[in-house]
Amino acid sequence: MCDVCDTTIFNLHWVCSKCGFGVCVDCYRMKKKSLHEDDDSDTFSWFKCVKGQVHEPENLMPTQIIPGKALYDVGDIVHSVRTKWGIKANCPCANKQFKKYLVTLNKINPNHILLIQRINSCFILRCVLFFISEKLLIPISKNENKPLQPLPTLAKPSAALQTFNSAILTPVSNNNTGFLRNLLNSSGGKVLHHCLFCYFFFLSFFFFLNQTDNGLKTTPKILDDIFASLVQNRTITDLPKKPQGLTIKPTIMGFDTPHYWLCDNRLLCLQDPNNESNWNVFRECWKQGQPVMVSGVHHKLNADLWRPESFRKEFGQQEVDLVNCRTNEIITGATVGDFWDGFEDISSRLRTEEGEPMVLKLKDWPPGEDFRDMMPSRFDDLMKNIPLPEYTRRGGKLNLASRLPNYFVRPDLGPKMYNAYGLITPEDRKYGTTNLHLDVSDAANVMVYVGIPKGQADQEEEVLKTIQDGDSDELTIKRFTESREKPGALWHIYAAKDTEKIREFLKKVAEEQGQENPVDHDPIHDQSWYLDRSLRKRLHQEYGVQGWAIVQFLGDVVFIPAGAPHQVHNLYSCIKVAEDFVSPEHVKHCFWLTQEFRYLSHTHTNHEDKLQVKNVIYHAVKDAVGILRANESSLSRP
């Protein structure tokens with residue numbers, strides 16, 4: 001990991017040869033920029049070297065982790081496999097574009113010809129040449145042929161890449177300003193970003209290729225069969241034919257999957273959590289960035305494991321921090337038992353100095369990665385019954401986090417518990433149990449228990465008003481009034497593509513209220529806003545942003561796409577459990593959010609790249625191209 005920003009280092013980074021201090025290409029570039037602009041306000045502080053010496057960027061040594069040319073070989077294989085299977089290219093190194101910029105470079109400087117010949121097999125540098133021709137246009141130094149001293153590598157590179165390896169593995173100095181060194185100093189971070197762009201675009205098209213390619217009529221059918229065989233563990237010959245004209249309209253879905261639609265036909269609700277065809281229907285909405293709901297999971301769970309009294313009995317003496325949902329005040333010195341005592345009994349709740357019972361939530365309990373160790377029976381019960389196991393289980397075929405090799409530290413993807421009282425009174429409608437925020441990964445949030453507390457009158461009437469005030473549709477309201485199901489929480493989820501509009505709106509409202517907008521703070525990541533009815537109305541009228549208003553009942557599972565801003569308001573006391581995952585449809589949001597989190601203030605805990613998204617993408621692509629290469633014989637079948 002980077003010693004400055006705690007981001008997982010994927011490949012290229014900069015190291016001090018004396019003490020081993022290492023920084024990622026982004027931190028290196030930021031430091032160089034701040035020194036050039038005489039800016040002392042670094043986002044991250046750099047540790048000092050031995051004897052208190054300052055680490056100067058020009059004294060650090062560029063280093064790579066992936067041995068030899070393995071990364072570039074994967075890049076070449078991606079292009080080769082994509083061509084054979086007719087998968088659309090969406091990277092800047094596509095043949096037509098590369099030829100175009102090759103001509104441009106040749107016109108600029110004849111010396112580029114030699115360089116291009118040397119690195120023609122290198123996938124990353126082809127992307128970089130595209131970037132150079134547009135932005136940098138750096139000529140090769142006359143001293144470029146001086147002998148260089150490479151560091152030892154784990155695998156001997158080919159002759160075609162000797163020059164490149166020597167260049168990137170040589171310490172940078174003021175007297176050595178060759179083409180590749182200028183490239184690393186000025187745009188090192190973009191080298192990796194272009195490479196990964198190609199990777200996740202390839203991955204996306206591998207999974208979701210349509211059957212409309214005129215040139216390869218049989219290839220998409222074969223791809224669909226391979227994909228389905230991987231997900232459902234069935235042989236290709238046993239697979240049913242894919243229905244023609246598949247759309248997301250309920251009347252022509254084409255799969256035997258019980259479902260209905262909410263939010264004016266914008267929210268898919270699957271009714272059978274164990275139906276094997278769920279993933280076929282789910283991904284049609286999921287790839288469009290829409291949330292999805294699955295109902296009825298509580299019928300499969302062991303209800304005794306999820307009751308408040310069972311948690312009180314097992315863990316009641318543990319010390320824990322509580323949060324007052326009305327004031328966001330943190331209450332220390334309490335026990336887990338204090339929280340559960342008031343879960344369904346208002347008279348037993350902790351009180352404010354004025355004597356009012358507090359609306360509390362458990363903060364970070366169980367802590368960290370302790371859920372599986374503290375509650376093994378509950379973990380097994382959840383994993384056995386969680387819907388869409390292809391996505392949600394740790395080893396799910398469509399959970400890209402499962403593609404990391406065993407020698408990697410596993411990403412912390414949960415489960416995590418969210419336990420809180422309900423906000424029932426009319427005054428509570430302006431508060432959120434969880435304020436507006438977004439997550440770096442996809443999530444499945446399961447409502448395992450809803451408790452209706454005793455000691456407060458007219459609860460049902462107030463909950464109905466809150467649901468109506470929350471912009472819920474008529475079908476959702478009827479579900480509460482006619483089916484007598486237990487509503488637990490009111491969600492508002494927004495599309496990831498609308499994040500910038502929401503951020504701009506909240507900054508505008510903050511300025512109207514006389515609040516400051518510091519550069520290193522973010523109104524969404526700070527979780528400082530809950531959008532009540534008036535703010536939601538303004539957001540829709542002024543920015544055209546409309547979200548999904550979802551009421552989560554007992555047994556409902558809400559699937560939230562990565563990067564989608566969302567907020568939660570508990571209607572009654574709720575026990576929710578969330579499992580995170582990384583889907584191929586939204587991995588691009590995971591990638592960009594990891595970069596976005598770097599610039600938050602030091603009060604945030606999101607600096608650390610626990611997801612290791614670059615490694616996830618790299619190994620997922622390796623597996624994907626491996627499957628396609630193993631099935632190349634299918635292309636020759638009639």
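Below is a chat about the predicted model shown above.

Visitor: Hi! How many helices and strands are in the protein chain?

Guide: Hello! This predicted model has 20 helices and 17 strands in its protein chain.

Visitor: And what share of the residues counts as buried?

Guide: Of the 638 residues in the protein chain, 54% count as buried. The chain exposes about 29300 Å², and 49% of that comes from carbon and sulfur atoms.

Visitor: What about contacts between residues 24 or more positions apart? How much do they account for?

Guide: They make up 76% of the contacts in the protein chain that have a separation of 6 or more.

Visitor: OK, let's go inside. How many residues does the largest nonpolar core have?

Guide: The largest nonpolar core has 51 residues, and the ones with the most contacts inside it are W306, F311, W340, W365 and F559. Helix α9, residues 278-286, gives the largest share of this core, with 5 residues. Another core lies apart from it and has 29 residues, among them C263, A443, A564 and Y572.

Visitor: You mentioned F559. Which residues does F559 touch?

Guide: Leaving out residues up to four places away in sequence, the residues F559 touches include F282, W286, P291, V292 and V294. P387, L388, T392, A443, A444 and F581 are also among them.

Visitor: Where is L388 found, and is L388 buried or exposed?

Guide: L388 is in the loop between α13 (376-385) and α14. L388 counts as buried, because its relative accessibility is 1%, and the cut-off for buried is under 20%. L388 also has a positive phi of about 50°, although it is not a glycine.

Visitor: Which strand pairs with β17 over 9 bridges?

Guide: That is β12, residues 442-451, which pairs with β17 in the antiparallel sense. D442 has F581 of β17 as its bridge partner. Strand β10, residues 416-420, also pairs with β17 in the antiparallel sense, over 5 bridges. There, N419 has I575 of β17 as its bridge partner.

Visitor: And a helix now. Which residues of α18 are buried?

Guide: In helix α18, residues 533-543, the buried residues are L535, R536, L539 and Y543. They cover an arc of only 100° around the axis, so they are on the same side of α18. K537 and Q541, on the other side of α18, are exposed.

Visitor: What do the buried residues of α18 pack against?

Guide: They pack against α15 (459-469), β13 (487-493), α17 (499-512) and β16 (566-570). After α18 comes G544, whose phi is positive, near 70°.

Visitor: Which peptide bonds are cis?

Guide: Here are two. The bond from W365 to P366 is cis, with omega near -10°. P366 lies in the loop between β9 and α12. The bond from G414 to P415 is cis as well, with omega near 5°, and P415 is in the loop between α14 (389-392) and β10.

Visitor: What about P367? Where is its place?

Guide: P367 is in the loop between β9 (360-362) and α12 (371-374). P367 counts as partly exposed, at 36% relative accessibility. The C-alpha atoms of P367 and V320 are separated by 9.4 Å, and these residues are 47 residues apart along the chain.

Visitor: Last one! What does the side chain of H259 reach?

Guide: The side chain of H259 reaches the backbone oxygen of T257 at 2.5 Å. H259 is in strand β4, residues 259-262, and H259 is buried, with a relative accessible area of 19%.

Conventions: Residues numbered from 1 in each chain as written. Predicted model: local features only at pLDDT ≥ 70, side-chain atom pairs only at ≥ 80, totals over all residues. Heavy atoms only, no water. Buried < 20%, exposed > 50% of the residue type's maximum accessible area, 1.4 Å probe, protein only. Helix = DSSP H or I, 4+ residues; strand = E, 2+ residues; numbered from the N terminus. Arc of directions from axis to C-beta. Contact = heavy atoms within 4.5 Å. Polar contact = N/O pair within 3.5 Å; in protein donor to acceptor, adjacent residues only side chain to side chain. Areas by Shrake-Rupley, 256 points an atom, 1.4 Å probe, with all protein chains shown as cover. Core = buried A, V, L, I, M, F, W, Y, C linked by side-chain atoms within 4.5 Å. Pairing = 2+ DSSP bridges.
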